[in-house]
Amino acid sequence: MLKPLSVWFRCLVVSSLLFLWGCGAPPPKSSLQRVLDEGVIRVGTNYGPTTYYNGVSGRQGFEYELAKGFADYIGVELEVYPFYSLNDLFPQLSNQHLDIVAAGITMTPQRILQFDFGPAYQDVSQKVVFLQGNRRPRNIEQLDGDLWVVSGSSHAESLMQSAVPDSLNWQQTDERDAEELLELVAQGELDYTVADSNILALMRRRYPQLSIGFTLVQEQGVGWAINRQGDDALRTALIEYFGKIRQDGSFKVLEDKYFGHVQSFDYVDTREFIKATEQTLPELIPLFKKYAGELDWRLLAAMSYQESHWDPKATSPTGVRGLMMLTLATAQDM
């Protein structure tokens with residue numbers, strides 16, 4: 001994503017060391033110099049649609065691509081250590097087995113006391129989620145039933161600091177992640193959960209019946225966590241990296257790739273799309289695969305749905321028609 005700047009970093013670090021050596025005993029290596037000398041940056045994350053997953057083309061995820069960009073920026077290799085549980089992830093940072101935690105971490109007051117953070121690159125709020133059709137809770141006093149959140153999450157921290165009513169049975173779980181808890185709510189197996197606004201926006205594309213009761217916590221910054229026991233060298237590099245990708249527009253491109261399609265939500269349109277993928281798409285998949293050529297057939301199918309909603313008899317007043325809404329001349333050329 002970016003040209004490596006390791007030469008610039010190395011010159012800066014070496015110059016500082018030479019100056020200090022002239023004043024006495026050599027100082028210990030900085031957090032950045034150690035990473036540069038090892039040639040590897042160790043990044044911890046968790047599995048999820050907004051963090052890290054194995055996609056069709058290999059490793060993917062918003063946090064993964066940001067971390068890969070940072071590794072390229074300082075000219076080292078990236079080693080990713082994905083975890084299922086936040087309770088397993090944070091101790092690895094505390095024990096210095098990881099250099100950075102990049103997992104969509106909300107910078108809560110409690111976490112700021114434990115770790116240093118790079119710059120905030122997103123803002124998310126915490127939403128109380130329930131199943132559409134059930135009674136909507138408009139504040140925490142109206143919660144009545146079972147509410148589960150991920151153990152060690154910012155949501156658990158918020159609930160522990162809230163005046164939770166006796167009618168609410170809430171608990172933390174290590175057995176399920178945030179997406180799985182949202183699925184339980186969507187299936188009517190759980191009354192409530194709390195989700196970050198960006199993850200909820202993605203999940204509502206699959207489960208439009210997920211509804212927002214109220215905002216538990218207003219927007220907070222999201223950033224990468226760093227071990228507090230080190231110096232500021234690695235944090236300074238993070239500040240420069242995020243400043244660079246914001247300035248050259250590459251951060252916006254990456255953010256649009258993962259979140260641009262969820263900025264607006266339409267319940268009816270989403271329900272119609274899900275219905276079409278279940279009832280109409282299966283019959284068309286062989287055609288998309290046959291004629292996709294070098295394209296991923298899913299891209300062709302997505303374009304087709306945008307054009308015709310997979311209606312082979314679709315027409316428009318301008319004369320375009322069919323699944324791909326082509327003009328007669330274009331169809332003949334193809």
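1. A charge sits over a ring if NZ of Lys or CZ of Arg is within 6 Å of the ring centre and within 35 degrees of the ring normal. In this structure, which is a predicted model, the charged end of Arg-246 sits over the ring of Phe-251, at 4.3 Å from the ring centre.

2. Next, the aromatic rings. A pair of aromatic rings is described by the distance of the centres and the angle of the planes. Searching the whole structure gives 17 aromatic pairs. One of them joins Phe-62 and Tyr-121: the ring centres are 6.4 Å apart and the planes meet at 50°, so the pair is tilted. Phe-62 belongs to helix α3 (residues 62-74), while Tyr-121 lies in the loop between β6 (116-117) and β7 (122-131), so this pair ties together parts that are 59 residues apart in sequence.

3. Are these two residues buried or exposed? Buried means under 20% relative accessible area. Phe-62 has 0% relative accessibility and therefore counts as buried. Tyr-121, at 3%, counts as buried too.

4. Phe-62 also forms an aromatic pair with Phe-251. This pair is edge-to-face, with 6.0 Å from centre to centre and 65° between the planes. Phe-62 is in helix α3 and Phe-251 in helix α10 (residues 250-259), and the pair links distant parts of the chain, 189 residues apart. Phe-62 and Phe-251 are both buried. Phe-251 is also the residue whose ring lies under the charged end of Arg-246.

5. Which residues do ring pairs link into a cluster? The members are Phe-62, Phe-70, Tyr-73, Tyr-121, Trp-224, Tyr-241, Phe-242, Phe-251, Tyr-258 and Phe-259. Both pairs described above, Phe-62 with Tyr-121 and Phe-62 with Phe-251, involve residues of this cluster.

6. A separate site to look at is His-155, found in helix α6 (residues 154-160). Its relative accessibility is 6%, so His-155 counts as buried.

7. Last, helix α2 (residues 31-38). The buried residues here include Ser-31, Leu-32, Gln-33, Val-35 and Leu-36. Gly-39 follows α2, and its phi is positive, near 75°.

Technical notes: Residues numbered from 1 in each chain as written. Predicted model: local features only at pLDDT ≥ 70, side-chain atom pairs only at ≥ 80, totals over all residues. Heavy atoms only, no water. Helix = DSSP H or I, 4+ residues; strand = E, 2+ residues; numbered from the N terminus. Buried < 20%, exposed > 50% of the residue type's maximum accessible area, 1.4 Å probe, protein only. Phe/Tyr/Trp six-rings, centres within 6.5 Å; stacked < 30°, edge-to-face > 60°.
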